[in-house]
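Reader: Please take a close look at the charged side-chain pairs in this model and then follow the account to the helix packing. I would like each criterion stated with its cut-offs.

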Amino acid sequence: MPASSPIVSLRECRRLHSRKERQASGRFLVEGIRPVRAALMSPARIEVVLYVPESFRDGYGQETIDLARSRNVPCQPLTSTQFSSISTRENPRGIA
């Protein structure tokens, strides 16, 4: 179940699909396990990791969530419907 007080709004995430919004805010959305993990391993400031808990019970995905938490990056669970609303991928992997 998603957190009652979201760290970031889904509306904000959807707005980041616009180049104009990304340039104005200096923010962007990274989607997929490998890109998220690469971002976590970089010196970039990560605001939040959004994920669908059912997608990451074990393996590489769960390790990525654990890595984020170990680096004090907030992790916000979403439902698959919520995640699909921010995803630009045809088959979203459940992490951004």
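Author: A salt bridge joins Glu21 to Arg15, with their closest N and O atoms 3.2 Å apart; the term requires a side-chain nitrogen of Lys or Arg within 4 Å of a carboxyl oxygen of Asp or Glu. The model is predicted, so local features need pLDDT of at least 70 and side-chain atom pairs count only at pLDDT 80 or more, whereas totals for chains, interfaces and linings use all residues. Residues are numbered from 1 along each chain as its sequence is written, and side-chain values use heavy atoms, with hydrogens and water left out.

Both partners of this pair are partly exposed: Glu21 has a relative accessible area of 22% and Arg15 one of 42%. On this scale, buried means under 20% relative accessible area, exposed means over 50%, and partly exposed lies in between (1.4 Å probe, protein chains only).

By the salt-bridge rule the count comes to 4. Another of these pairs is formed by the side chains of Arg27 and Glu47, at 2.9 Å from N to O. Arg27 belongs to the loop between helix H2 (19-25) and H3, and Glu47 to the loop between H3 and strand S1 (49-51), so the pair ties together parts that are 20 residues apart in sequence. Here helices (H or I, at least four residues) and strands (E, at least two) are DSSP runs, numbered from the N terminus. Arg27 is partly exposed at 25% relative accessible area, and Glu47 is partly exposed at 33%.

Glu47 also forms a salt bridge with Arg45, whose closest N–O distance to Glu47 is 3.9 Å. Arg45 is exposed, with a relative accessible area of 69%. Together, Glu12, Arg27, Arg45 and Glu47 are linked in a network of salt bridges.

The account now turns to the helix packing. The axes of H3 (residues 33-41) and H4 (residues 59-70) come within 10 Å and cross at roughly 25 degrees. That makes H3 roughly parallel to H4; angles under 35 degrees count as roughly parallel, over 145 as roughly antiparallel, 65 to 115 as roughly perpendicular and the rest as oblique. The axes are lines fitted to C-alpha atoms, for helices over the stretch in contact, and the angles run from 0 to 180 degrees between N-to-C directions. The crossing of H3 and H4 is left-handed, meaning that the near helix is turned anticlockwise from the far one by less than a right angle, with clockwise giving a right-handed crossing.

On the H3 side, Ile33, Arg34, Val36, Arg37, Leu40 and Met41 meet Tyr60, Gly61, Glu63, Thr64, Leu67 and Ala68 of H4, where contact means heavy atoms within 4.5 Å. The residues of this contact divide into 7 nonpolar, 2 polar and 3 charged. In that division Ala, Val, Leu, Ile, Met, Phe, Trp, Tyr, Cys and Pro count as nonpolar, Asp, Glu, Lys and Arg as charged, and the others, Gly among them, as polar.

Within H4, Thr64 is buried at 1% relative accessibility. Leaving aside neighbours within four places in sequence, Thr64 is in contact with Ile33, Val36, Arg37, Leu40 and Ile95. Ser70, also placed in H4, is exposed, with a relative accessible area of 54%. The C-alpha atoms of Ser70 and Ser42, 28 residues apart along the chain, are separated by 14 Å.
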